[in-house]
Amino acid sequence: MRKLTYLIACSIDGFIGDESGDASFMYPFVVGDFAEYLKTEHPDVNPTHVRRLIGTEDVPLKEFDTVVQGRGSYEVALKEGVTSPFAHLREYVASRTLTGSPDPHVEIIGAGLVDKVRELKAEDGEFGIYLCGGAGIAGELRDEIDELVVKTYPIVLGTGMPMFGSGFAVTEFTLGATRAFDNGVVVRTYTRKR
């Protein structure tokens with residue numbers, strides 16, 4: 001069984017962006033030893049155009065061969081004219097409003113998101129599935145998430161888009177690795193408590 005990993009950046013107070021989901025103010029933290037960590041430890045989660053910029057376009061897959069993202073996350077790329085932001089992975093976009101895919105490499109999941117993710121998790125394979133934000137899709141898939149990799153940036157927002165856009169339900173995870181970086185970023189990995 002393949003695992004679904006929600007790898008997400010957030011503020012100290014748990015927000016992944018402002019109210020609209022914009023998280024561009026977090027980009028300046030991706031420098032130094034933290035940038036190197038992302039490049040070497042999580043190369044698959046970098047969009048294809050970023051992989052080209054940082055010289056990792058030919059690096060073999062390490063963790064993931066599939067990405068599931070929400071429409072909001074996907075639209076960030078679309079606004080830049082990029083129709084397949086993760087061309088090095090199988091791409092799925094969960095959207096109730098997109099009627100068709102602007103790219104043959106990207107499959108739109110209009111309904112049955114949980115069933116589709118369960119189908120992807122049931123596939124044989126050595127690689128996992130990367131859940132690429134935002135709050136709505138994470139909330140809908142909360143019961144399917146096997147692992148959280150939380151990149152906490154040294155900022156407080158006060159309000160914004162939460163990590164999970166869903167109703168109250170206690171879901172326990174077990175802390176695994178923790179790593180701190182010179183720029184104040186802390187990365188914690190959690191696995192679902194069974």
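The model is predicted. The protein has five helices and 10 strands. Its radius of gyration is 16 Å, which agrees with the value near 16 Å for a compact globule of 194 residues.

**Overall build**

- Along the principal axes, the C-alpha atoms fill a box of roughly 40 × 40 × 35 Å.
- Of the 194 residues, 45% are buried.
- Take the contacts in the protein with a separation of 6 or more: residues 24 or more positions apart account for 68% of them.

**Helix α1**

- Helix α1 spans residues 32–41.
- Its buried residues are Phe34, Tyr37 and Leu38.
- Seen down the axis of α1, these residues fall within an arc of 95°, so they line one face of the helix.

**Helix α4**

- Helix α4 runs over residues 113–122.
- Buried here are Leu113, Lys116, Val117, Leu120 and Lys121.
- Down the axis of α4, the buried residues fall within an arc of 140°, so they too line one face of their helix.
- The face turned away from that buried side carries the exposed residues Asp115 and Ala122.
- On the buried side, α4 packs against β1, β3 (64–70), β4 (90–94), β5 (106–109) and β6 (128–132).
- The helix α5 (135–140) is also among the packing partners of the buried residues of α4.

**Threonine 5**

- Threonine 5 sits in strand β1, which covers residues 4–10.
- Strand β1 is one of the elements that the buried residues of α4 pack against.
- Is Threonine 5 buried or exposed? Its relative accessible area is 0%, so Threonine 5 is buried.
- Leaving out residues up to four places away in sequence, Threonine 5 touches Phe64, Ile129, Tyr130, Leu131, Glu147 and Val149.

Notes:
Residues numbered from 1 in each chain as written. Predicted model: local features only at pLDDT ≥ 70, side-chain atom pairs only at ≥ 80, totals over all residues. Heavy atoms only, no water. Buried < 20%, exposed > 50% of the residue type's maximum accessible area, 1.4 Å probe, protein only. Helix = DSSP H or I, 4+ residues; strand = E, 2+ residues; numbered from the N terminus. Arc of directions from axis to C-beta. Contact = heavy atoms within 4.5 Å. Rg over C-alpha atoms; globule rule 2.2 N^0.38 Å.
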